[in-house]
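Here's a quick briefing to read alongside the model. Have the viewer open as you go.

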Amino acid sequence: MTKLQDLTKTGKLKDGTEVILRPMTRNDREPVGDFFNRMTPSVLQYVRNDVTNPKVLDQWFDHLNYDRVFPLLAFKGDKVVANATLHRVGYGWRKHLGTLRIVVDTEFHGKGLGTLMINELVDLSHEFGLEKLMVEFPLRAHGALAMFKKAGFSPRAVIEGLMKDRHGENLDIVIMVMDVAVHANRI
Ligand SMILES: CC(C)(COP(=O)(O)OP(=O)(O)OC[C@H]1O[C@@H](n2cnc3c(N)ncnc32)[C@H](O)[C@@H]1OP(=O)(O)O)[C@@H](O)C(=O)NCCC(=O)NCCS
């Protein structure tokens, strides 16, 4: 398994901006808190946890365990500008399957940062020996749909009205899947 320091990388966005990608550590509580506090309601609607509640973040940092949740952060200077996580279960019928979540700072949308983060987590999934990756989100999240398609995921199911947004409106959920081994052999 790659060492943590080897997972720190510099990435160049479409507009030339340089960002640092690295795993989240216990010392990142403050910039991660600032990142979520800057999120607009339009982005927060796609985030699953109540990240504006400090207790939720305290819980994440108190129970940091890369085998269960691997959090990748993107930094511009001292500022966190994206957070993507790879979730794993070490046993049972989901053992070969990872799930992903991602949120990018609105100021950085459309610059290739989401794609950069997802590509890193796909590579890592391969190293972890995962066979498949899955992501689920509201079908109306067009940006996510475009980004995951571009990264090699394909939509496998739409479940109508499964979730509710914070206003109580029913949401259709799309499930996208990538076959990690097939993808790794193609590149
Ligand atoms: C989805 C999200 C992560 C995309 O991040 P991003 O950094 O803007 O994505 P990228 O710049 O890498 O875009 C990848 C591709 O998707 C396209 N895309 C991105 N946002 C789009 C949008 N709103 N509508 C249409 N296409 C879009 C881009 O054009 C790009 O294709 P291109 O390179 O051919 O131009 C970001 O919009 C976000 O944080 N959204 C809120 C949270 C969310 O929906 N998370 C997903 C659920 S887990």
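This is a predicted model: local features need pLDDT of at least 70, side-chain atom pairs count only at pLDDT 80 or more; totals for chains, interfaces and linings use all residues.

Residue numbers start from 1 along each chain as its sequence is written. The protein chain has six helices and eight strands, where helices (H or I, at least four residues) and strands (E, at least two) are DSSP runs numbered from the N terminus.

**Overall fold**

- Going along the sequence, the order of elements in the protein chain is β-β-α-α-α-β-β-β-α-β-α-β-β-α.
- The protein chain is as compact as a globular protein of its length, because its radius of gyration is 16 Å, close to the 16 Å that the globule rule gives for 187 residues. That radius is taken over C-alpha atoms, and the rule is 2.2 Å times the number of residues to the power 0.38.
- The C-alpha trace spans about 40 × 40 × 35 Å along its principal axes.
- Buried residues account for 25% of the 187 residues. Here a residue is buried if 20 or more other C-beta atoms lie within 10 Å of its own, exposed if 12 or fewer, and partly exposed in between, with C-beta atoms placed from the backbone.
- Of the contacts between residues at least 6 apart in sequence, 61% join residues at least 24 apart. Two residues are in contact if their C-beta atoms, placed from the backbone, lie within 7 Å.

**Helices H1 and H3**

- The axes of helix H1 (residues 29-38) and helix H3 (residues 54-62) come within 11 Å and cross at roughly 140 degrees. Axes are lines fitted to C-alpha atoms, for helices over the stretch in contact, and angles run from 0 to 180 degrees between N-to-C directions.
- That angle makes H1 oblique to H3; angles under 35 degrees count as roughly parallel, over 145 as roughly antiparallel, 65 to 115 as roughly perpendicular and the rest as oblique.
- H1 contributes Arg 29, Val 32 and Gly 33 to the contact, and H3 contributes Pro 54, Leu 57 and Phe 61.

- Val 135 sits in strand S6 (residues 132-138) and counts as buried, with 20 C-beta neighbours inside 10 Å.
- Not counting residues up to four places away in sequence, Val 135 touches Thr 99, Leu 100, Phe 148, Phe 153 and Met 176. Its C-alpha is 8.6 Å from that of Phe 148, 13 residues apart along the chain.
- Phe 128 belongs to helix H4 (residues 113-128) and counts as partly exposed, since it has 16 C-beta neighbours inside 10 Å.
- Phe 128 and Arg 88 are 40 residues apart along the chain, with their C-alpha atoms separated by 9.7 Å.

**Two residues in loops**

- Ala 151 is in the loop between helix H5 (142-150) and strand S7 (154-164), and is buried, with 21 other C-beta atoms within 10 Å.
- Leaving aside neighbours within four places in sequence, Ala 151 is in contact with Thr 115, Ile 118, Asn 119 and Val 122.
- Ala 151 and Leu 162 are eleven residues apart along the chain, and their C-alpha atoms are separated by 25 Å.
- Asn 65 is in the loop between H3 and strand S3 (69-76), and is exposed, with 8 other C-beta atoms within 10 Å.
- Asn 65 and Ile 118 are 20 Å apart in space, C-alpha to C-alpha, and 53 residues apart in sequence.
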